[in-house]
Amino acid sequence: MASSRPPGAAYDVAVVGAGAAGMMCAAVAGQRGRRVVLIDHARKLAEKIRISGGGRCNFTNRDAGPANFISENPHFCRSALSRYTPQDFLALVARHRIAWHEKHRGQLFCDESSEDIIRMLRAECEAGNVSWRMPCAVDAIDASAGGFALRTSSGLVRAARVVIATGGLPVPQIGASDFGLRIARQFGLRIVEPRPALVPLTFDPIAWRPFAPLAGIALEVGIRTGEGKRVAEFREDLLFTHRGLSGPAVLQISSYWQPGQAIVVDLAPGIDLAAELLGAKAGGRQHLANVLAGLVPRRLAEQWLAVAHPGAGERRIADLPDKLLREIADGMKRWTLVPQGTAGYKKAEVMRGGVDTRDLDQQTMEARSVPGLYFVGEVVDVTGWLGGYNFQWAWASGVACGRAV
């Protein structure tokens, strides 16, 4: 994409990163009369938006609020989220006549394609006369008289203010990098150690071998990790894989899980499993595996019994002692296991950690110690739940910054 201003021209604002937060920030600033240039190294615009939500972009969550976000400073996100809400974004979507629908738990998706959201953001940037440098790599950013000098592959760009909207480390195959973190460190800002979030969990291959045949099985579970005030729990769908566990339940809990910690899975949420098994015992002629298969997926029931209680599944439930049935029920209600790790940034949807919010102004996203330097979106230590929350943070932080620059 070509620029409407010549190389070396001075801008009020240079936004580095043309993703969700970057385009939103550029559009808002441009429509306020600021001379804005939007710079991105990619050849294809907003690839992460394009692939999100299975190609239909889960663009926000109707219920998004501060409680749905993780940060070393959980209060930081309140200001931006309260000043630009999911309803505000829906109003923008409505102005662009984009059809959408709601899935479960407030998740909102395009009816047609993620391209609708990308076209909308591009149109909003055009309405603000935003200039483009794309594809254009930023090699360095230096403080200079009156602002900043950006050395890029298409020449020098000067700007009074710079917004870093380069995202996090997930999905390196579409160009994700640590550029934003490097710039933060260069200017002396602290970093909360980044790691993959909303990511499948993996287990020791030998320990997981008995469960690998369950790959492909999905079921609703309760899942939790942590202790005391740091406990986190969700009720979502879980998916068995050859290497471990995935699905919404595991992606959610992965953002809270710490290496070495256990996760506890309830394979029959909402069911008093002990009462069901004991109730089926009276005069029951069925084998235990068949009774259990009426409460959880059959393959899971059979494999669970084969691993935890060999031989019990083939016995009539009426012949089994109450103590054993309670033990089986307790094991399935509180399956406790320790992940070896995660599937990494290639499979993660977002990054947890990033620029320490203690070094940013929550009203404007500006670095407290570097006037004119701003950070928005995923590069900041604010991480949302699965289900449209991270897009809402991108919109809200981008708007907050766009109104301030």
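Mentor: Start with one definition. A helix axis is a line fitted to C-alpha atoms over the stretch in contact, and the angle between two axes runs from 0 to 180 degrees between N-to-C directions. Keep in mind that this model is predicted.

Trainee: At what angle do H4 and H5 pack?

Mentor: The angle is about 90°. The axes of helix H4 (residues 86–95) and H5 are 10 Å apart. Angles of 65 to 115 degrees count as roughly perpendicular. H4 and H5 are therefore roughly perpendicular to each other.

Trainee: Which residues make that contact?

Mentor: H4 supplies Phe89, Leu92 and Val93. H5 supplies Ile117, Met120 and Glu124. By class, 5 are nonpolar, no residue is polar and 1 is charged.

Trainee: How do H1 and H5 pack?

Mentor: Their axes are 7 Å apart, at an angle of about 25°. Angles under 35 degrees count as roughly parallel. That makes H1 roughly parallel to H5. As for handedness, H1 passes H5 in a left-handed crossing.

Trainee: Which residues of H1 and H5 meet?

Mentor: On H1, look at Met23, Ala26, Ala27 and Gln31. On H5, look at Leu121, Arg122, Glu124, Cys125 and Ala127. This contact has 6 nonpolar, 1 polar and 2 charged residues. Note Glu124: it is in the H5 side of the contact with H4, and also in the H5 side of the contact with H1.

Trainee: Now H1 and H13. At what angle do their axes cross?

Mentor: They cross at roughly 30°. The axes of H1 (residues 20–31) and H13 (residues 389–404) come within 7 Å. Apply the cut-off again: under 35 degrees is roughly parallel. H1 and H13 are therefore roughly parallel to each other. Here H1 passes its partner H13 in a right-handed crossing.

Trainee: Let's move to the backbone. Which peptide bond is cis?

Mentor: For a cis bond, check omega. The bond from Met134 to Pro135 is cis, with omega near 0°. Pro135 sits in the loop between strand S7 (131–133) and strand S8 (138–144).

Trainee: Next, loop contacts. What does Tyr345 touch?

Mentor: Leave out residues up to four places away in sequence. Tyr345 then touches Leu169, Pro170, Val171, Pro172, Pro194, Arg195, Pro196 and Met351. Tyr345 itself lies in the loop between strand S18 (341–342) and strand S19 (350–355). For a view of sequence against space, take Tyr345 and Leu181. They are 164 residues apart in sequence, and their C-alpha atoms are 15 Å apart.

Trainee: Last, pockets. How many residues line the second largest pocket?

Mentor: The lining has 20 residues. Nearest the centre are Ile70, Ser71, Arg230, Tyr256 and Arg352. The space is about 470 Å³.

Trainee: What is the make-up of that lining by class?

Mentor: Count 9 nonpolar, 5 polar and 6 charged residues.

Technical notes:
Residues are numbered from 1 along each chain as its sequence is written. This is a predicted model: local features need pLDDT of at least 70, side-chain atom pairs count only at pLDDT 80 or more; totals for chains, interfaces and linings use all residues. Side-chain values use heavy atoms; hydrogens and water are left out. On a 1 Å grid over the protein atoms alone, a cavity is a set of points where a 1.4 Å probe fits but cannot get out, and a pocket is an open set with protein on both sides within 12 Å along at least five of seven lines; lining residues have an atom within 4 Å of a point. Grid points are joined across faces, edges and corners, and a volume is the space filled by probe spheres set on the points. Ala, Val, Leu, Ile, Met, Phe, Trp, Tyr, Cys and Pro count as nonpolar, Asp, Glu, Lys and Arg as charged, and the others, Gly among them, as polar. Helices (H or I, at least four residues) and strands (E, at least two) are DSSP runs, numbered from the N terminus. Angles under 35 degrees count as roughly parallel, over 145 as roughly antiparallel, 65 to 115 as roughly perpendicular and the rest as oblique. A crossing is left-handed if the near helix is turned anticlockwise from the far one by less than a right angle, and right-handed if clockwise. Contact means heavy atoms within 4.5 Å.
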